[in-house]
Amino acid sequence: MIKNKKIDWDNLGFNVIETRSMYEATFNSSGKWESRGLKPYGNISLSPASAVLNYGQGVFEGTKSFMSSKGQAVFFRLKDNARRFAASSKRLCIPEISTDFFIDAVNEVVKDNLDYIPDNDKGSLYIRPLVLGTGPMLGVKPAKTYTFLIFVTPVGSYFKSGLKYLDAVITKKYHRAAIKSIGSAKAIGNYSGTLLPYKEIVEKGFDEIIFLNSSNEDILDEARSANIFIIKDNILKTPALQGSILPGITRDSVLKIADGMLDLDIEEGDVTIDELLNADEVFFTGTAVVVAPVGSVSLDSRKYKYRRDFENSLTKQIRDSLLDIQNEKTKDPFDWITKVK
Ligand SMILES: *Cc1c(COP(=O)(O)O)cnc(C)c1O
């Protein structure tokens with residue numbers, strides 16, 4: 001594969017680099033997805049009265065394409081992103097995009113930007129599908145017209161200076177999402193509310209924030225855009241999907257790897273603050289961060305530290321198993337990998 005010469009491949013971060021093209025389709029007022037196809041990467045135009053700008057009627061996805069160790073471009077569990085996109089859309093009254101339509105569209109844009117996929121050891125191509133309510137409206141109701149967009153951008157590690165143990169902090173000041181609201185959808189509106197909490201903890205020197213359940217502050221929800229896991233005595237545990245938690249695909253993959261490949265016991269249920277603070281290992285999961293180890297959790301100005309021995313940790317075994325499947329370095333027992341065609 002000939003690499004795009006405009007890009008500094010050795011110094012990829014996690015930010016937007018423009019690529020050749022993006023995908024766009026529009027949903028017209030007669031109820032059909034039309035004008036489907038690629039166009040040059042660039043700005044879009046919107047009514048100032050559009051539902052997405054005024055009321056946040058929009059959902060997104062995040063997935064990656066990898067140049068695997070077999071030298072081919074692959075997707076990881078793309079069908080699960082397609083299903084979640086449809087489920088999120090349903091919750092926000094956005095017309096459903098079928099899994100086939102979603103998968104074909106992602107394929108098309110990735111295929112046109114193959115020279116933007118970093119080599120196996122340098123990063124991946126981040127894929128961002130989104131669907132937005134576009135038509136003009138004043139009352140609070142679903143839009144009549146929509147735009148489905150997919151842009152892609154090469155990314156390196158989420159962490160600028162390589163993998164590191166994160167200093168996390170539990171907040172009792174803010175919630176991320178209420179349990180019967182839209183926390184389980186990848187709704188764009190869920191993220192603006194985390195900006196101020198995050199700004200405040202970064203000013204205090206922390207890396208990530210842990211939100212508590214909005215109806216029971218003894219138990220954990222998740223981070224801003226990552227799920228949380230604890231390990232204690234060979235038991236891997238994560239909060240159950242009770243409504244406010246985003247059903248992460250990395251979360252599900254980690255559970256299946258731990259259960260099927262690593263012989264850990266897995267549990268989904270209430271994870272109390274006490275369990276978190278007394279855990280052997282703690283980590284976050286998400287497409288962007290993959291599996292990110294936590295070195296300390298702070299609560300009410302007390303800091304609880306975990307052992308920082310990544311080489312000998314179960315967290316590393318889980319992370320490596322996942323990355324090895326994604327990079328086709330080992331057998332894929334779950335049929336998670338599909339080729340870019
Ligand atoms: C996207 C996201 C995650 C992680 O989901 P993955 O499918 O693993 O990328 C976790 N929490 C929130 C709030 C998210 O938006």
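Biologist: How far is the polar side-chain atom of Arg84 from an oxygen atom of the ligand?

Modeller: The distance is 2.8 Å. That makes a polar contact, defined as a pair of N or O atoms within 3.5 Å; within protein, one must be able to donate a hydrogen and the other to accept it, and residues adjacent in sequence count only if both atoms are side-chain atoms. This is a predicted model: local features need pLDDT of at least 70, side-chain atom pairs count only at pLDDT 80 or more, and totals for chains, interfaces and linings use all residues. Residues are numbered from 1 along each chain as its sequence is written, and side-chain values use heavy atoms, with hydrogens and water left out.

Biologist: What about Thr287 and Ile249, which atoms do they bring to an oxygen atom of the ligand?

Modeller: Thr287 brings a side-chain N or O atom, at 2.6 Å. Ile249 brings a polar backbone atom, at 2.8 Å. The protein covers 97% of the 380 Å² of accessible area that the ligand has on its own. Areas come from the Shrake-Rupley method with a 1.4 Å probe; for residues, only the protein chains shown count as cover.

Biologist: New topic. How many helices and strands?

Modeller: There are 8 helices and 17 strands. These are DSSP runs, numbered from the N terminus: helices are H or I with at least four residues, strands E with at least two.

Biologist: Where is Asp233, and is it buried or exposed?

Modeller: Asp233 sits in the loop between β11 (227-232) and β12 (235-239). It counts as exposed because its relative accessibility is 58%. The cut-offs are under 20% for buried, over 50% for exposed, and partly exposed in between (1.4 Å probe, protein chains only). Its phi is near 50°, positive although Asp233 is not a glycine.

Biologist: And what is the phi of Asp300?

Modeller: About 45°, again positive in a non-glycine residue. Asp300 is in the loop between β15 (290-299) and β16 (302-305). Most residues other than glycine have a negative phi.

Biologist: Last one: what share of the protein is buried?

Modeller: 53% of the 341 residues count as buried.
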